[in-house]
Amino acid sequence: MTPTPRNLALLLVVAGAAASVAIAPIAAADPTGVPEAGSESADATISDLKAQGYNVRINWVSGTPDIPLSECSVTGIDTAAAPTASVNVECDEAGD
């Protein structure tokens with residue numbers, strides 16, 4: 001059976017469509033519900049994670065624990081060791 005130009009064209013269209021779907025980026029929200037780092041204050045992020053059942057461990061990247069978490073930002077969230085979530089927190093020193 002020899003492919004006709006029409007069948008060949010159809011095959012190329014179908015292959016192209018499949019390839020574009022396969023390499024297209026997926027723009028969906030994180031299905032786990034974990035907040036994105038930096039999207040809210042550190043205290044809100046930690047509260048969200050605790051509400052989802054995570055045990056939260058804070059990694060102080062900068063600043064000290066005596067600065068309120070509401071004044072700090074989250075630079076990273078790692079939930080690979082669930083049910084523990086490690087949260088990288090960055091705080092400006094007082095007066096900075």
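A residue is called buried when its relative accessible area is under 20%, exposed when that area is over 50%, and partly exposed in between, using a 1.4 Å probe and protein chains only. By that criterion, 17% of the 96 residues of the chain count as buried. The model is a predicted one, in which local features need pLDDT of at least 70 and side-chain atom pairs count only at pLDDT 80 or more, whereas totals for chains, interfaces and linings use all residues. Residues are numbered from 1 along each chain as its sequence is written, and side-chain values use heavy atoms, with hydrogens and water left out.

**Overall architecture**

- The chain contains two helices and three strands, where helices (H or I, at least four residues) and strands (E, at least two) are DSSP runs numbered from the N terminus.
- Followed along the sequence, these elements give the pattern α-α-β-β-β.
- Among the contacts in the chain with a separation of 6 or more, 62% are between residues 24 or more positions apart, a contact being defined by heavy atoms within 4.5 Å.
- The accessible surface of the chain is about 6,700 Å², and 59% of it belongs to carbon and sulfur atoms; these areas come from the Shrake-Rupley method with a 1.4 Å probe, and for residues only the protein chains shown count as cover.

**The sheet and the helix across it**

- The three strands form an open sheet in the order β1-β3-β2, with mixed pairing, and two strands are taken to pair if DSSP finds at least two bridges between them.
- Strands β1 (55-62) and β2 stand at the edges with a single partner strand each, so one side of each has no neighbour in the sheet.
- From one strand to the next, the twist averages 30°, with axes fitted as lines to C-alpha atoms (for helices over the stretch in contact) and angles running from 0 to 180 degrees between N-to-C directions.
- The pairing of β1 with β3 is parallel and extends over seven bridges, and within this part of the sheet Arg 57 stands opposite Ser 86 in β3.
- By contrast, β2 and β3 pair in the antiparallel sense over six bridges, and a hairpin joins β2 to β3 through five residues.
- Helix α2 lies across β1, β2 and β3, and runs at about 35° to β2.

**The nonpolar core**

- The largest nonpolar core has eleven residues, namely Val 34, Ala 42, Leu 49, Tyr 54, Ile 67, Cys 72, Val 74, Ala 85, Val 87, Val 89 and Cys 91; such a core is a set of buried Ala, Val, Leu, Ile, Met, Phe, Trp, Tyr and Cys residues joined through side-chain atoms within 4.5 Å.
- At least two residues of this core are supplied by each of α2 (42-51), β2 (72-78) and β3 (84-91), and the largest share, four residues, comes from β3.
- In soluble globular proteins, nonpolar side chains tend to be buried together.

**The disulfide**

- The structure holds one disulfide, a term that here denotes a pair of cysteine sulfur atoms within 2.5 Å.
- This disulfide is formed by Cys 72 and Cys 91, whose sulfur atoms are 1.9 Å apart.
- Because Cys 72 lies in strand β2 and Cys 91 in strand β3, the pair ties together parts that are 19 residues apart in sequence.
- The torsion about the S-S bond of Cys 72 and Cys 91 is about 105°, so the disulfide is right-handed.
- Both cysteines are buried, Cys 72 with a relative accessible area of 4% and Cys 91 with one of 3%, and Cys 91 in β3 is also the bridge partner of Cys 72.

- Ser 62, found in strand β1, counts as partly exposed at 27% relative accessibility.
- Leaving aside neighbours within four places in sequence, Ser 62 is in contact with Val 89, Glu 90 and Cys 91; the C-alpha atoms of Ser 62 and Cys 91 are separated by 5.7 Å, although these residues lie 29 residues apart along the chain.
- Pro 83 lies in the loop between β2 and β3, is partly exposed at 46% relative accessibility, and is joined to Ala 82 by a cis peptide bond with omega of about 15°.
- Not counting residues up to four places away in sequence, Pro 83 touches Gly 53, Tyr 54 and Asn 55, while the C-alpha atoms of Pro 83 and Val 56, which are 27 residues apart along the chain, are separated by 8.6 Å.
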